[in-house]
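Hi,

Here is the structure I promised to pass on. Have a look, and then read on for my notes.

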Amino acid sequence: MSENMNHKRKQTSYYRGHSIYYNYETEKWYYEDNDKYIKSENRPCARCGKTPTLSGADYCLKDLEVCDFINAACCGHGERIGYISLQDGRIFREIDSSDILFKMSRLEDENKKLKEENEQLRRLFEEKEQPIAINLTEEDAKELRKLLGLIDDE
């Protein structure tokens with residue numbers, strides 16, 4: 001047993017897929033395999049072998065750093081189920097980070113589309129006299145004409 005383990009019960013967890021334990025005397029976490037303080041060495045992910053990004057994000061989820069609607073994310077590092085926590089409180093839990101990335105790319109596409117539509121509407125209201133092109137289906141365009149009073153209800 002570790003020299004740092006001078007306590008009765010052992011609290012364990014994982015840090016980037018590496019087994020760690022908590023030392024109650026020092027109030028710090030240490031790696032199980034070498035008893036080093038986890039902040040003293042920058043270990044790569046046990047799953048993909050890559051070190052985290054400069055901001056501390058999991059390498060395999062690095063593309064999600066630009067998503068302003070994400071609160072937190074973890075790939076699971078092969079030891080746990082990965083998750084993504086959104087700003088609105090929803091949490092997506094998946095077994096494989098590639099599944100997470102697929103779902104998040106869909107959400108990111110939806111978010112981007114909504115932002116573009118919002119920007120178009122903002123410009124429309126700011127530049128009232130200049131027409132703006134918005135891609136609408138024929139049905140949506142007809143509904144909009146009805147709402148604006150340009151055509152009568154059928």
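Below is what turned up in it, sheet to begin with, then the rings.

A word on the source: this is a predicted model, where local features need pLDDT of at least 70, side-chain atom pairs count only at pLDDT 80 or more, and totals for chains, interfaces and linings use all residues. Residues are numbered from 1 along each chain as its sequence is written, and side-chain values use heavy atoms, with hydrogens and water left out.

The sheet is open, with three strands in the order S1-S2-S3 and antiparallel pairing. (Strands are DSSP runs of E, at least two residues, numbered from the N terminus; two of them pair if DSSP finds at least two bridges between them.) S1 (11-15) and S3 (28-31) are the edge strands with a single partner each, so one side of each has no neighbour in the sheet. S1 is joined to S2 (residues 18-23) by five bridges, and glutamine 11 has tyrosine 22 in S2 as its bridge partner.

Now the aromatics: the whole structure holds four aromatic pairs (Phe, Tyr or six-membered Trp rings with centres within 6.5 Å; planes under 30 degrees apart are stacked, over 60 edge-to-face, the rest tilted). Tyrosine 21 and tyrosine 30 are stacked, because their ring centres are 5.8 Å apart and their planes at 25°. Ring pairs also link Tyr21, Tyr30 and Tyr37 into a cluster.

Two charges sit over rings (NZ of Lys or CZ of Arg within 6 Å of the ring centre and within 35 degrees of the ring normal). Lysine 28 has its charged end 4.7 Å from the ring centre of tyrosine 37, while that of arginine 43 is 3.5 Å from the ring centre of tyrosine 31.

Cheers

Terms used. Helices (H or I, at least four residues) and strands (E, at least two) are DSSP runs, numbered from the N terminus.
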